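Please keep the model open beside you as you read.

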Amino acid sequence: MPRPDRPLLGLVLAALLALASQALAAGEAGRQHYILNCAGCHQFDGSGSRAHEIPNMRGAVGHFLRLPEGRAFLVQVPGTSNSKLTDAQIATMLNWLVEEFSRAEVPLERAHHRLHRPVEMP
Ligand code: HEC
């Protein structure tokens, strides 16, 4: 029996797959920027170092997204602003960072927003 809805379903699936692989690629790039520019001080898992007064970002850094000042702070901390990353790379890296280390604290409306605009600056 012919299924006229099949071609449409195929298109929808192809679009979803394309979106998912784009998001994966951005996540991988964000992770690499973090490892190359930040992990030396902040550790691979974002836990920082008490002995060197490097704050633990885990379960915390997502709170900064609640206020414009917090979002501005995130892009202006010396480790980020002194890095060689471009603005777009910083956005990709920070989008990865907040979800990797602090997904539960990312405000819901930002998490939703992010799905539509992967590159996001304050
Ligand atoms: C040379 C070591 C070093 C590097 C490299 C570094 N940071 Fe930091 N970072 C610190 C220190 C030390 C602090 C604490 C500064 C303070 O409290 O004034 C800090 C603070 C922060 C904070 C504030 C966290 C909080 O809870 O207050 C964020 C966010 C941050 N860094 C992100 C980054 C990112 C992203 C990168 C990479 C692009 C990076 N840092 C690279 C040493 C570093």
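## Valine 75 and the ground rules

Helices here are DSSP runs of H or I with at least four residues, strands are runs of E with at least two, and both are numbered from the N terminus. Valine 75 is partly exposed because 17 other C-beta atoms lie within 10 Å; the cut-offs are 20 or more such atoms for buried, 12 or fewer for exposed, and partly exposed in between, with C-beta atoms placed from the backbone. Its C-alpha atom is 8.2 Å from that of alanine 91, a residue 16 positions away along the chain. Alanine 91 is itself listed among the buried residues of helix 5.

Residues are numbered from 1 along each chain as its sequence is written. The model is predicted, and local features need pLDDT of at least 70, side-chain atom pairs count only at pLDDT 80 or more, while totals for chains, interfaces and linings use all residues.

## The chain as a whole

The chain has 6 helices and 0 strands, giving the pattern α-α-α-α-α-α along the sequence. Of its 122 residues, 18% count as buried.

## Helix 1 and helix 5

Helix 1 has 32 residues and spans 47 Å from its first C-alpha to its last, close to the expected 46 Å. Helix 5 has 16 residues and reaches 21 Å, close to the 22 Å expected. The expected span is 1.5 Å times one less than the number of residues. Helix 1 is hardly covered, with a count of 3 buried residues: Gly30, His33 and Tyr34. Their cover includes helix 2 and helix 5. In helix 5, the buried residues include Ile90, Met93, Leu94, Val98 and Phe101.

How do these two helices meet? Two packed helices are described by the angle between their axes and the distance between the axes. Helix 1 (residues 6–37) and helix 5 (residues 87–102) pack at about 95 degrees, with axes 8 Å apart. The axes are lines fitted to C-alpha atoms over the stretch in contact, and angles run from 0 to 180 degrees between N-to-C directions. The pair is therefore roughly perpendicular, a label covering 65 to 115 degrees; under 35 counts as roughly parallel, over 145 as roughly antiparallel, and the rest as oblique. Helix 1 brings Ala26, Gly27, Ala29, Gly30, Arg31, His33 and Tyr34 to the contact, and helix 5 brings Gln89, Thr92, Met93, Asn95, Trp96 and Leu97. These residues divide into 6 nonpolar, 6 polar and 1 charged. In this scheme Ala, Val, Leu, Ile, Met, Phe, Trp, Tyr, Cys and Pro are nonpolar, Asp, Glu, Lys and Arg are charged, and the others, Gly among them, are polar.

## Two positive phi angles in one loop

Now look at the loop between helix 2 and helix 3 (68–76), where glutamine 43 lies. Glutamine 43 has a positive phi near 75 degrees although it is not a glycine. It is partly exposed because 15 other C-beta atoms lie within 10 Å. Leaving aside residues up to four places away in sequence, glutamine 43 touches Gly48 and Ser49. Its C-alpha atom is 9.5 Å from that of isoleucine 54, 11 residues away along the chain.

Glutamate 53 is found in the loop between helix 2 and helix 3 as well. This residue, again not a glycine, has a positive phi of about 55 degrees. Glutamate 53 counts as exposed because it has 7 C-beta neighbours inside 10 Å.

## Around the ligand

Which residues come nearest to the ligand? Of the 17 around it, they are Asn37, Cys38, Cys41, Pro55 and Gly79; a residue is near if its C-beta atom, placed from the backbone, lies within 6 Å. Helix 2 (39–42) and helix 4 (78–81) each supply at least two residues of this shell. The largest share, 3 residues, comes from helix 2. By type, the shell divides into 10 nonpolar, 6 polar and 1 charged.

Methods:
Contact = placed C-beta atoms within 7 Å.
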